[in-house]
Amino acid sequence: MNMSRIRQRYSVPAKRGARVEYSGHGSPITGTITRSIQDNLWVRLDGSKRSVILHPEWGLRYLSSPAASS
């Protein structure tokens, strides 16, 4: 599933490069959306070298959207 289908299906502003806050496992941590796979997002959390797979609605708060769309 690509980003536009994720945006449509879950009514979220998910775009590559958008900043998010993940609070699914305790203290909130910010990160950047790097890509999508099936109906999930890959997010590189601040301070990490690798992206993690997160559901577009679970524990995510969208902080901003990048200028270019995906």
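These notebook entries record what I looked up in a predicted model.

**Basis.** I treated the structure as predicted, requiring pLDDT of at least 70 for local features and 80 or more for side-chain atom pairs, while totals for chains, interfaces and linings use all residues. Residues are numbered from 1 along each chain as its sequence is written, and side-chain values use heavy atoms, with hydrogens and water left out.

**Sheet.** I took helices (H or I, at least four residues) and strands (E, at least two) as DSSP runs, numbered from the N terminus. Two strands count as paired if DSSP finds at least two bridges between them. I found an open sheet of five strands in the order β4-β3-β2-β1-β5, with antiparallel pairing. Because β4 (52-54) and β5 (60-62) each have a single partner strand, they stand at the edges, and one side of each lacks a neighbour in the sheet. On average, neighbouring strands of this sheet are turned by 45° against each other, direction ignored; axes are lines fitted to C-alpha atoms, for helices over the stretch in contact, and angles run from 0 to 180 degrees between N-to-C directions. I then examined β1 (residues 19-22), which is joined to β5 by three bridges in an antiparallel run. V20 stands opposite Y62 in β5.

**Helix.** I noted that helix α1 (residues 3-10) lies across β2 (29-37) and β3 (40-45), at about 115° to β2. Contact here means heavy atoms within 4.5 Å.

**Positive phi.** I looked up S11, whose phi is near 55°, a positive value in a residue other than glycine. S11 is placed in the loop between α1 and β1 and is exposed at 66% relative accessibility (buried is under 20% relative accessible area, exposed over 50%, partly exposed in between; 1.4 Å probe, protein chains only). Q38, in the loop between β2 and β3, has a positive phi near 50° and is exposed at 57%.

**Salt bridges.** I counted as a salt bridge a side-chain nitrogen of Lys or Arg within 4 Å of a carboxyl oxygen of Asp or Glu, and the structure holds three.

- D39 pairs with R9, the closest N and O atoms being 3.3 Å apart. D39 lies in the loop between β2 and β3 and R9 in helix α1, so the pair ties together parts 30 residues apart in sequence. D39 is partly exposed at 25%, whereas R9 is exposed at 53%.
- D46 meets R19 at 2.8 Å, N to O. D46 is in the loop between β3 and β4 and R19 in strand β1, 27 residues apart.
- E21 meets R61 at 3.2 Å, N to O. E21 is in strand β1 and R61 in strand β5, 40 residues apart.
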